[in-house]
Every structure is written in structure tokens, then in C-alpha cells.
Amino acid sequence: MDASSYREALYEVFVGTDHDVETQIAHALEIGTEYFDLPIGFLTRIEDGTQTIVHATGSHDLLQPGESCPLEEAYCRRTVEMDAPLAVQHASASPVISETAVETFDLGTYIGSKVVVDDDLYGTVCFAAEDERGAPFSEAKETFLELLTKLIEQAIERRAHERELRERTERLEREKRRFEGIAETSFDILFRIGLETEFTYVSSAVERVLGYEPEALIGRPITEFIAESSAEAAITGYSQVIDGTPVENVKLEFVDVDGDRVVIEVNGTPITDDGDVRGVQGVGRDVTARRERERELRIKTRAMDEARIGISISDARQPDEPLVYVNDGFERVTGYDAADALGRNCRFLQGEATDPETVATLRERIDADEPVSVEILNYRADGTPFWNQVRVSPVGNDDGSVTHYLGFQTDITERKRTEQLVRLLNRVLRHNLRNDMNVLFGLGDRLETGAADDAAALGEQLSETAATLIELSEQARDLERYTRRERDPQRLAPDSLLAAVADDYRERFPSATVDVTARTDREFCAGPELERAVAELVENALKHNPEPEPWVSLSVDDDDGRLVLTVADDGPGIAEMETAVIAKGEEEALEHGSGLGLWLVNWIVTRYGGSFQIRAADDGDGTVATVRLPGVGPDDSLEAVAQRPTVLFR
């Protein structure tokens with residue numbers, strides 16, 4: 001079809017009354033995709049900085065009805081700022097499309113226009129393709145998109161208007177039925193007000209609520225009995241009803257016969273005669289106590305729902321004390337959705353490394369109906385352990401019986417990691433400094449007494465010991481620096497990361513062979529300090545290898561959504577004590593590592609939800625270090641893949 005045929009097809013879709021608005025929009029998107037020769041078309045709704053797909057055609061997974069994302073990460077970010085359509089033929093090179101949007105949606109071609117309904121931004125209507133376009137969009141195509149957009153705007157406005165009329169009619173019917181069923185003995189106040197805002201009728205309930213006899217109000221304006229703070233709302237509501245629109249649930253502060261404030265919830269409808277409004281009739285209910293309770297409950301509920309820490313409530317009256325409430329913070333801390341947590345005892349967070357004594361303490365205090373606070377190792381929904389500060393308080397009813405337990409969960413993994421690091425630094429530095437200083441003292445004695453036979457060898461030993469101390473100091477400083485640095489998960493390409501490390505160490509160790517293999521199209525989800533961890537493993541492999549031509553292999557493979565980085569060498573292997581220390585995640589008086597390098601690797605890797613293991617090669621020749629980290633695919637969201645820090649023993 002030519003351009004005019006497509007326009008005629010659009011007019012036929014929207015002029016006809018055989019289809020509802022949703023069907024009209026769907027047909028319009030289909031016509032648009034055919035006209036633009038683009039496979040994807042979609043209508044969005046933009047509210048509070050979030051873009052949600054309302055209608056769509058095409059097979060793009062992220063551009064389907066119900067899918068949403070922050071507007072800042074969408075192709076439509078600039079579209080809503082423009083009065084004319086936004087047309088992009090090469091999205092990856094366009095300054096108006098963010099890198100995040102390109103990485104997320106992978107669209108090469110895009111043309112979109114904002115949708116305005118009743119002078120307010122509604123959203124956008126867009127067409128796109130994953131491939132880039134060879135030529136710019138013509139002015140005629142932009143004009144066609146403007147026409148399509150205008151027709152959609154009118155259809156949405158018409159639907160909103162029809163819905164408003166329908167809701168208004170329904171309200172009038174409800175008010176009519178309500179008044180028909182109310183008698184003079186009603187608990188609520190029935191009233192009528194004339195065109196001069198004066199009471200023409202008030203039911204006897206007003207005496208119970210405000211202390212006035214009904215006759216005392218007749219002929220007097222309603223504003224005489226309303227507090228100044230509610231006067232404007234009362235006049236506005238009255239004017240609205242006089243204009244023919246009922247009002248519902250309007251809360252007004254009245255002043256009773258003693259001068260006290262009473263909150264009355266008012267519903268009002270017009271009194272009509274032959275189509276002319278003659279006054280207002282309505283009903284008022286004393287909601288003073290209810291309003292205060294609701295306000296207090298809303299504040300408490302909102303505070304609990306929005307709290308950063310996890311909050312849970314379990315029912316002590318049911319078998320096994322199941323959870324009956326968890327807030328958003330609980331979901332963030334544990335990784336479990338509310339639907340997966342409710343109805344279960346909170347022990348589902350425990351796992352193989354959870355301390356039984358801590359569990360026993362928690363159980364003992366709960367059984368005794370006493371408050372308790374513990375630091376316990378729990379497990380998230382994905383199986384990763386985390387340190388959880390759990391505080392539980394019993395909640396009783398009026399007779400003192402405990403009916404519920406209120407729990408607070410705080411992820412303290414970072415603090416526990418830092419505490420463990422401080423203990424580690426103290427132990428390793430004390431041990432290694434003591435050993436190296438003893439060596440220096442011994443060498444000094446030999447120099448002082450003249451017992452040194454070979455001054456050159458003695459000097460070499462002094463230099464080596466000093467270098468070891470300097471290296472230890474630098475590693476300690478690196479560890480301290482990384483604990484102070486904010487976590488910064490990024491996409492790190494394995495091939496470029498490994499190549500950078502390999503090139504550096506090929507230059508520093510010319511006789512060494514450093515092989516690199518990356519068998520994945522995913523990227524690491526980790527911070528830039530991961531390169532420092534890989535460099536540490538390569539340096540250990542080369543520096544401690546006595547072979548004249550040492551060999552190191554760096555490889556990356558996929559494993560069920562995670563990336564496995566393996567560093568293998570043909571050196572003398574690693575001591576069993578070193579591997580045991582890393583596996584346990586702690587050092588003991590009789591079991592400790594020789595330095596901080598492996599701890600530096602472990603700290604960096606576990607910081608991004610990964611794990612680190614090191615062992616002797618299966619054939620006994622060499623060492624194999626394995627790092628497992630989240631992998632982010634080309635179509636994955638970095639935010640969805642990024643994981644919290646794990647404890648150090650993984």
C-alpha cells in the first residue's frame with residue numbers, strides 16, 4: 001500500500017465504533033509496524049519515572065504488556081522531552097540513547113512520539129527493530145507517526161470521558177439507594193442544605209454527635225458549625241454538589257456545643273426538581289476515633305513496609321509459629337518473596353553452617369516469651385550465606401498472653417567481614433612480622449659479631465626479608481583500601497580482563513608462558529578490583545615457580561549462569577595449610593597462611609557474591625585456583641544479576 005492507503009486504514013480503525021479502545025490501539029500498532037517496515041511496535045504508560053508497556057506487537061521479550069523499567073534506562077527517555085517524533089537509525093551511536101538502554105533492549109532502530117492525554121503526559125508510542133536502519137526516517141514517516149499518535153490520544157481521552165460519565169451515574173444511583181434505606185433513627189446524621197448553605201433538615205443523631213438539638217441548626221448556615229481549618233473544604237464540596245457532582249468521604253472538622261473538634265465524614269448529593277438543583281442532601285458519620293486510629297495505623301504500616309531492615313511477624317497461636325507478615329526489607333535481606341516466606345517458620349533461613357548453639361539460644365528465649373538478639377549465619381533464597389542480626393520481641397494481648405512475635409532482621413555481613421579482616425590482619429601481621437624480625441635480628445647479630453662469612457649472601461638475605469615485609473605491608477594496605485571502597489558492580493569482559501593481566505606478566509616474566517582462553521559470551525558481574533585479584537593469582541603462580549620457563553593458564557567458562565575463572569600453573573603446588581585456611585575463612589593459632597595475597601583474592605571475590613577455592617593439581621604438579629562469580633549475559637540487567645557480599649568461608 002502507498003502512504004495514503006495506510007492513513008485511510010488508520011482512520012477506519014478509529015472512526016468505527018465496532019471495537020473498543022484496546023482493539024483500536026492494537027490494530028494501529030499493526031498498521032504502524034507494516035508502514036515503517038519495523039517488526040516491533042508498542043504503547044507505553046509513564047508514571048513516577050517508570051515506563052510500563054501497555055500494548056505491544058512483535059516478539060521482543062522486554063517489550064511486552066506488563067514489562068516495565070525506569071524511564072532513565074529506556075529509549076523513550078528523550079522522546080517525552082520533545083514536541084516532535086524522535087527518530088534514530090543507529091541507536092548505538094546516537095547521543096540521545098543511553099548505553100544502558102542499548103545494553104538492555106538491544107534495539108538498533110527506533111522512532112517514537114510522546115502521547116499526551118488531557119494536557120498531561122500519558123506515555124509514548126514507538127516502533128523499533130533490533131537491526132540498524134540504512135537510511136534516516138523521512139519527514140513523511142514522522143508525519144504519519146504524529147497522525148497515529150493523535151488518533152491514539154483521542155481514543156484514550158474518549159475512553160476516560162465515557163468512564164467518568166459511567167462512574168458519575170453509578171455514584172448517583174448509590175446515593176439514591178443509600179438515602180432510601182436511611183431512617184430518622186439512623187446512627188449517622190442525615191441533613192439537607194438549601195441554596196444559601198443553610199440547614200433545612202437535620203436528623204436527631206446530631207444531638208448525640210455534636211450536642212445540638214436539631215431545631216437549633218435549622219435556618220443557620222453550615223459554616224457556623226465548621227472549624228476554620230475545614231471551611232474551604234466544606235465550601236468546595238458544597239459548590240461541587242450544587243454543580244451536580246456528588247461528593248464522598250469528605251472529612252470535615254465540626255465544633256460541638258462544648259467547643260471541641262469532631263471529625264465528621266460527609267457524603268452529599270444534589271436535590272433536584274425537574275432537572276434544577278435545589279439544594280444538597282447527605283449523611284455525616286462521626287469518624288473522630290476511627291480517623292485517629294487509621295492515621296496511626298497508616299503511619300505504623302508505612303514505616304514497617306518502607307523500613308530498610310527486615311521486619312517480620314509470626315503467629316504464636318498457630319503450630320510452629322508461622323510468619324504472617326514480612327515487609328519489603330525482609331525480602332531484600334533474605335531474597336525470599338513474601339509469598340514464599342508467609343506460612344513458614346523462620347528457621348527456613350538456617351543452613352549447614354548455622355551455629356546450633358545460637359539457634360538454641362534463640363529458641364530458648366522465644367519459648368520463655370523473652371526478647372532476644374543474636375547474630376546468626378543464615379542463607380538467602382539463592383543459597384548464599386549472610387550474617388543476620390536477629391532481634392525478636394514477644395507481643396501480648398490485653399490479658400498478657402503472647403499472640404505474636406515481632407522480628408527484625410539486619411544484614412550485617414559487611415560488618416562481620418570487616419571484623420574478620422581485622423582479626424586476620426592482626427594475626428598475619430603479628431606472625432609474619434615476628435618471624436621476619438627474628439631473621440633480621442639474627443642477621444644483625446652475625447654482622448655485629450663478625451660471624452658472617454659471605455657478606456654478599458648476607459646482604460641478599462637482608463634484601464629478601466625487607467622485600468617480603470614491604471610486600472606484606474602493601475597487601476595489607478590494599479585490603480584496607482578495598483574495605484573502604486564502595487562496591488561497584490560492573491560488566492567486565494573476560495577476554496579483555498585476562499588479556500590485560502596476561503600482557504602485563506608476560507612483560508614482567510619474559511621466560512614465562514601465559515595462556516588465555518575465554519569460552520563464554522557472558523561478562524563478569526563484579527567490581528574493577530577483580531583485575532587486581534586475577535593479577536595476584538598469576539603473580540603467585542609465577543613468582544613461586546622455580547622452573548626456568550614457568551607456565552600459567554587463565555580460562556573462563558560458563559556454569560549455569562555463573563562464570564568460572566580458573567588459574568592453573570605447573571609450579572611446586574600449594575601447602576595444605578594454605579588451602580585449609582581459605583576454605584575455613586579464618587586463621588587459628590596453629591593454622592595460618594603465609595601471607596595476605598590469597599586473602600585479598602578471597603575478599604574481592606566474595607564481595608560480589610562469588611566464591612574462591614585453591615588446591616593442589618590432581619596430578620600433584622602445580623596449583624589450581626578457582627573463582628566463581630555471577631555472569632551477566634548480553635540481554636541481562638546488571639541490577640538483576642548483581643549479588644550481595646557473601647561471608648568469607650565460601
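Student: Great, what should I know about the model and the numbering?

Tutor: This is a predicted model, in which local features need pLDDT of at least 70 and side-chain atom pairs count only at pLDDT 80 or more, while totals for chains, interfaces and linings use all residues. Residues are numbered from 1 along each chain as its sequence is written, and side-chain values use heavy atoms, with hydrogens and water left out.

Student: How many helices and strands does the protein have?

Tutor: There are 18 helices and 23 strands. Helices (H or I, at least four residues) and strands (E, at least two) are DSSP runs, numbered from the N terminus.

Student: And what share of the residues is buried?

Tutor: Of 650 residues, 43% count as buried. Buried means under 20% relative accessible area, exposed over 50%, and partly exposed in between, with a 1.4 Å probe and protein chains only. The accessible surface comes to about 33,500 Å² by the Shrake-Rupley method with a 1.4 Å probe, and carbon and sulfur atoms hold 47% of that surface.

Student: What about contacts between residues 24 or more positions apart?

Tutor: Those make up 57% of the contacts with a separation of 6 or more, where contact means heavy atoms within 4.5 Å.

Student: On to charges. How many salt bridges are there?

Tutor: The whole structure has 33, counting a side-chain nitrogen of Lys or Arg within 4 Å of a carboxyl oxygen of Asp or Glu. One of them joins lysine 251 and glutamate 265, with the closest N and O atoms 3.1 Å apart. Lysine 251 sits in strand E9 (residues 247-255) and glutamate 265 in strand E10 (residues 261-273), so the pair ties together parts 14 residues apart in sequence.

Student: Are those two buried or exposed?

Tutor: Lysine 251 is partly exposed at 32% relative accessibility, while glutamate 265 is buried at 14%.

Student: And what does aspartate 315 pair with?

Tutor: Aspartate 315 forms a salt bridge with arginine 317, again listed with closest N and O atoms 3.1 Å apart. Aspartate 315 is buried, with a relative accessible area of 6%, whereas arginine 317 is exposed at 56%.

Student: Which residue does glutamate 529 meet in a salt bridge?

Tutor: That would be arginine 607, at 3.6 Å from N to O. Glutamate 529 lies in the loop between strand E19 (523-526) and helix H15 (530-543), and arginine 607 lies in helix H17 (residues 597-607), so this pair ties together parts that are 78 residues apart in sequence. Both glutamate 529 and arginine 607 are buried.

Student: Which residues do shared partners join into one network?

Tutor: Asp504, Arg508, Glu539 and Lys543 are joined by salt bridges in that way. Glutamate 539 lies in helix H15 and is buried at 18% relative accessibility. Leaving aside neighbours within four places in sequence, glutamate 539 is in contact with Tyr505, Arg508 and His544.

Student: Changing topic: how many cavities of 30 Å³ or more are there?

Tutor: The count comes to two. On a 1 Å grid over the protein atoms alone, a cavity is a set of points where a 1.4 Å probe fits but cannot get out, and lining residues have an atom within 4 Å of a point. Points are joined across faces, edges and corners, and a volume is the space filled by probe spheres set on the points.

Student: What's the volume of the largest cavity, and what lines it?

Tutor: Its volume is about 290 Å³. The largest cavity is lined by 23 residues, with Phe191, Ile193, Ile222, Leu252 and Val266 closest to its centre. Helix H7 (228-242) is among the elements giving two or more residues to this lining, as are E9 and E10. H7 gives the most, with five residues.

Terms used
1 Å grid on protein atoms, 1.4 Å probe; cavity = no way out; pocket = protein on both sides within 12 Å on 5 of 7 lines; lining within 4 Å.
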